[in-house]
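Please open the model in a viewer and keep the selection panel at hand.

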Amino acid sequence: MILYTAITEQEYEQLQNNGKLYCNEKLAYMPNEYILWKIAYQFMADKLNNIDKKPDYIMYPRWAWYMIDGSTNFNNVNPLHYVSKPNEKTYVLKLDIDRNKVLLSDFGLWHCCLNGYPIWDNENKDDAFDNFMSVCHLKYYDALVETENKNILLIKNKIMNTWDKIFNINGKNPYLYTKNKTVQAVFWEITLDVVLKKRIICLSDEEYKHWENV
């Protein structure tokens, strides 16, 4: 399976020196900055572990792109999909990873997980659950961080069970899925043998502003 991922210059050196690169959870901006991100990342890690057993030395997966805006042709991709700020050298790697080691998901719906929202099939279910939470005087955040109250844990599980919809990358429901969807991929690590090609991107301030408006 062909995937594209962006790594820093330091990470590229680690890959060259060690022959592999995996997520260092202590250095990762996400999920460490916010408790809901930790919950979402652990959810993704658990799902990946179901199809490819997690190595003992890894906590969270690495990310890559499989499809952007409905296309797997990456020749003309907006570089801001790889670059987070101007004047930063980024290494974009073209990877070929065994399909059995990769978990694909809908990038748009993934943001529901990151923000702690359930994913319903239609507006009526959305509104009904919102009303239910209001009657319970309960916020989504409070439900998702709960660890003891059994009644709230049932609600937490109900919310998180809806997140499985992000893995239906062929979904056609217009309430959930966009026609030109972006599909992300997770896997445990990058090894040198799966790297087909690399290119370096470093955008100036002017170039970065240009691509922001494209």
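In the class counts that follow, Ala, Val, Leu, Ile, Met, Phe, Trp, Tyr, Cys and Pro are nonpolar, Asp, Glu, Lys and Arg are charged, and the others, Gly among them, are polar. The coordinates on display are those of a predicted model.

**The largest pocket**

Begin with the largest pocket, which holds about 1,400 Å³ of space. To centre the view, select Ala6, Thr8, Glu11, Arg62 and Trp63, the closest to the pocket centre of the 37 residues that line it. Next, colour the elements that each supply two or more lining residues: strands E1 (2-8), E2 (20-22) and E3 (62-67), together with helices H1 (9-18), H2 (29-32) and H4 (107-115). Which of the elements gives the most to this lining? It is E1, with five residues.

**Helices H3 and H4**

Display the side chains at the contact: Leu36, Trp37, Ala40, Tyr41 and Met44 from H3 meet Trp110, Cys113, Leu114 and Asn115 from H4. Eight residues of this contact are nonpolar, one is polar and none is charged.

**Helices H5 and H7**

Now select helix H5 (residues 123-135) and helix H7 (residues 150-162), whose axes come within 13 Å and cross at roughly 160 degrees. Angles over 145 degrees count as roughly antiparallel, so H5 is roughly antiparallel to H7. The crossing of H5 and H7 is left-handed. To view the contact, show Phe129, Phe132 and Met133 in H5, which meet Ile155, Lys158 and Ile159 in H7. The contact of H5 with H7 comprises five nonpolar residues, no polar ones and one charged residue.

Definitions and conventions: Residues are numbered from 1 along each chain as its sequence is written. This is a predicted model: local features need pLDDT of at least 70, side-chain atom pairs count only at pLDDT 80 or more; totals for chains, interfaces and linings use all residues. Side-chain values use heavy atoms; hydrogens and water are left out. Axes are lines fitted to C-alpha atoms, for helices over the stretch in contact, and angles run from 0 to 180 degrees between N-to-C directions. Helices (H or I, at least four residues) and strands (E, at least two) are DSSP runs, numbered from the N terminus. Angles under 35 degrees count as roughly parallel, over 145 as roughly antiparallel, 65 to 115 as roughly perpendicular and the rest as oblique. A crossing is left-handed if the near helix is turned anticlockwise from the far one by less than a right angle, and right-handed if clockwise. Contact means heavy atoms within 4.5 Å. On a 1 Å grid over the protein atoms alone, a cavity is a set of points where a 1.4 Å probe fits but cannot get out, and a pocket is an open set with protein on both sides within 12 Å along at least five of seven lines; lining residues have an atom within 4 Å of a point. Grid points are joined across faces, edges and corners, and a volume is the space filled by probe spheres set on the points.
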